[in-house]
Amino acid sequence: MKQKSFKFPFLFLTAVLFCFNPIFGQQARLSPFSIESSNLFEEMQKIKSSNPKITPEEFANQANSLLRTKGLNFTFAFDSNTCRQITELKQKQKDPKSPLKLNAKMNSVDGEIASVSLPEVMFDNRECGKCYVLLPILQFTSKEFVTIIQDRNIRFYTPSNLIYNEVSLMDGKNFSSVIRGWKIPFRAVPLSVSEDGKMIVLDLNNKEFSDIVLTIYEEGVFQFFPKKDLDLSAKGTILNEISKEAVSPDTSFISFTRGENRQILKFGNLCQ
């Protein structure tokens, strides 16, 4: 797959999240650091609306400039037990329909406990635990992620008790063996995978953004790219028989073939 080089000049400050523990009630005494969901797509929509004839190259460039400061919202679903507690807390509010925001306790590198205010909790039966938050992300791997807190880029360890969408490149001979994986921001069927198996491509599911795509790399970084500049000739085929045998009902397999090179991707999430 042809692609242009792109550098991510992120300045990463370091902190460590050993476990993601929502704080229920009024336990936090200090004012928490606030994490706000990204309005990246809204800003991209404004660009399109103000300049409908913008070229895909310029649109991708402007979108990437916004991405570096705003991040891209990733869906972080809570496990079923946590969602049950959150639902009970929401029902106890004076107005159960009012937005619910939670704090989370985090352990820093030096062992100090910090409190972070999360974006509004969203509820959706299509998600594993039925509730989730949208966090602005700049980089995301199985071991760590970088989010934005009060205009600073902060790196955390990826918590084990949150559920997220992911794509995995599988060994074609053994569908249970993972070669590498990518975390993705939303539920999506992969549009393509690079020939070297190190990058995947996602559509943005927005007619206004149909001329660009999101590319995600093995390092966990991502960028927008003009669709016409990528080789998307290999069409994906859903492997229905394998998908039926998948570990999770929310997991499927798709195959991409270029000549004798066949690549199998598993996508979805692992509900707990």
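**Salt bridges, a disulfide and a sheet**

At 25% relative accessibility, Glu57 counts as partly exposed, where buried means under 20% relative accessible area, exposed over 50% and partly exposed in between, computed with a 1.4 Å probe on protein chains only. The model is predicted, and for this reason local features need pLDDT of at least 70 and side-chain atom pairs count only at pLDDT 80 or more, while totals for chains, interfaces and linings use all residues. Residues are numbered from 1 along each chain as its sequence is written, and side-chain values use heavy atoms, with hydrogens and water left out.

Side chains of opposite charge can pair when their charged atoms come close. A search of the whole structure finds 10 salt bridges, each defined as a side-chain nitrogen of Lys or Arg within 4 Å of a carboxyl oxygen of Asp or Glu. In one of them, the side chain of Glu57 meets that of Lys228, with a distance of 2.4 Å from N to O. Because Glu57 belongs to helix α2 (residues 56-70) and Lys228 to the loop between β17 (222-226) and β18 (237-238), this pair ties together parts that are 171 residues apart in sequence. Helices (H or I, at least four residues) and strands (E, at least two) are DSSP runs, numbered from the N terminus. Lys228 is itself exposed, with a relative accessible area of 56%.

A further salt bridge joins Glu36 to Lys101, the closest N and O atoms being 3.7 Å apart. Here Glu36 is placed in the loop between β3 (33-34) and α1 (40-50), and Lys101 in the loop between α3 and β5 (103-107), so that the contact ties together parts that are 65 residues apart in sequence. Glu36 is partly exposed, at a relative accessible area of 48%, and Lys101 is also partly exposed, at 41%.

Arg155 forms a salt bridge with Glu144, in which the closest N and O atoms are 2.6 Å apart. This pair links distant parts of the chain, with Arg155 in strand β10 (residues 152-157) and Glu144 in strand β9 (residues 144-149), 11 residues apart. Arg155 is buried, with a relative accessible area of 14%, whereas Glu144 is partly exposed, with a relative accessible area of 25%. Elsewhere, salt bridges that share partners join Glu57, Lys228 and Asp229 into one network.

A disulfide is a covalent bond between the sulfur atoms of two cysteines. With the criterion of a pair of cysteine sulfur atoms within 2.5 Å, a search of the whole structure finds 1 disulfide. It is formed by Cys83 and Cys131, whose sulfur atoms are 2.0 Å apart. Since Cys83 is found in helix α3 (residues 80-91) and Cys131 in strand β8 (residues 131-140), the bond ties together parts that are 48 residues apart in sequence. The torsion about the S-S bond of Cys83 and Cys131 is about -115 degrees, so the disulfide is left-handed. Both Cys83 and Cys131 are buried.

Helix α3 comprises 12 residues and reaches 16 Å from its first C-alpha to its last, which is close to the 16 Å expected at 1.5 Å a residue, the expected span being 1.5 Å times one less than the number of residues. Within α3, Thr82, Cys83, Ile86 and Lys90 are buried. Viewed down the axis of α3, its buried residues fall within an arc of 100 degrees, and they therefore line one face of the helix; the arc is that of the directions from the helix axis to the C-beta atoms.

An open sheet of 5 strands has the order β13-β12-β20-β19-β18, with antiparallel pairing. Its edge strands are β13 and β18, each of which pairs on one side only, where two strands pair if DSSP finds at least two bridges between them. Strand β12 (residues 165-171) is mostly covered, 6 of its 7 residues being buried. It runs antiparallel to strand β13 (residues 174-184), to which 7 bridges join it, and the two strands form a hairpin with 2 residues between them. Across this pairing, Met170 stands opposite Val178 in β13, and Asp171 stands opposite Asn174 in β13. Strand β12 is also joined by 5 bridges to strand β20 (residues 261-268), again in antiparallel orientation, and the bridge partner of Ser168 in β20 is Lys266.
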